[in-house]
Amino acid sequence: MNNLNEMIEKITDFLKNEVNTDTLIGKPFQVGEFSCVPIIRVGMGFGAGGGEGTDPKASGSGGGGGAGIGMEPIGFLVSRADEIHFIAASTSKGFSAAIEKLPDLLSKYMDSQKTASAEKN
């Protein structure tokens with residue numbers, strides 16, 4: 001039982017160190033006049049088990065555990081002047097393709113938002 005407690009403590013310490021604001025909400029960066037903040041999805045899974053056997057010919061006990069963590073970018077918070085928008089990362093073309101097109105996409109998106117806002121007024 002002591003090993004299980006140690007394992008849970010180690011997993012908890014790992015999560016405290018690895019899953020924080022800097023990993024979920026990345027470091028801001030500038031693209032021209034745009035301020036961008038990447039947003040990342042984090043998934044975690046845990047499993048543990050144990051058992052004993054008392055067969056007359058052999059007996060024993062065993063246990064094991066495991067954990068997994070996965071991260072993926074889901075988009076960006078983008079601001080220009082007093083406007084803030086969320087732009088989803090394209091998962092079908094890959095994250096690198098989204099980064100390459102980010103400046104053009106941001107400019108087009110912000111301009112379309114301004115046009116739509118002006119048409120409402």
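Predicted model: local features only at pLDDT ≥ 70, side-chain atom pairs only at ≥ 80, totals over all residues.
Figure 1. Residues are numbered from 1 along each chain as its sequence is written, and side-chain values use heavy atoms, with hydrogens and water left out.

**Figure 2. Pairing of β3 and β4.** The two strands pair in the antiparallel sense over six bridges; DSSP must find at least two bridges for strands to pair. In β4, I87 is the residue opposite F76. Two residues lie between the strands of this hairpin, and A81 has a positive phi near 55°.

**Figure 3. The aromatic pair of F29 and F76.** Rings of Phe, Tyr and Trp (its six-membered ring) pair if their centres lie within 6.5 Å; planes under 30 degrees apart are stacked, over 60 edge-to-face, and the rest tilted. The count by this rule is one aromatic pair. F29 and F76 are edge-to-face, with 6.2 Å between centres and 85° between planes. F29 is in strand β1 (residues 29-31) and F76 in strand β3 (residues 59-80), so the pair ties together parts 47 residues apart in sequence. F76 is buried at 3% relative accessible area, and F29 is partly exposed at 28% (buried: under 20%; exposed: over 50%; partly exposed: in between; 1.4 Å probe, protein chains only).

**Figure 4. The largest nonpolar core.** A nonpolar core is a set of buried Ala, Val, Leu, Ile, Met, Phe, Trp, Tyr and Cys residues joined through side-chain atoms within 4.5 Å. The nine residues here are V31, F34, C36, F76, V78, I87, L102, L106 and M110. Helix α3 (95-120) supplies the largest share, three residues.

**Figure 5. Salt bridges around R80.** A salt bridge is a side-chain nitrogen of Lys or Arg within 4 Å of a carboxyl oxygen of Asp or Glu. The whole structure has two. R80 meets E33 at 3.4 Å, N to O, and D111 at 3.6 Å. Shared partners join E33, R80 and D111 into one network. R80 is buried at 10% relative accessibility, E33 is exposed at 54%, and D111 is partly exposed at 39%.

Notes. Helix = DSSP H or I, 4+ residues; strand = E, 2+ residues; numbered from the N terminus.
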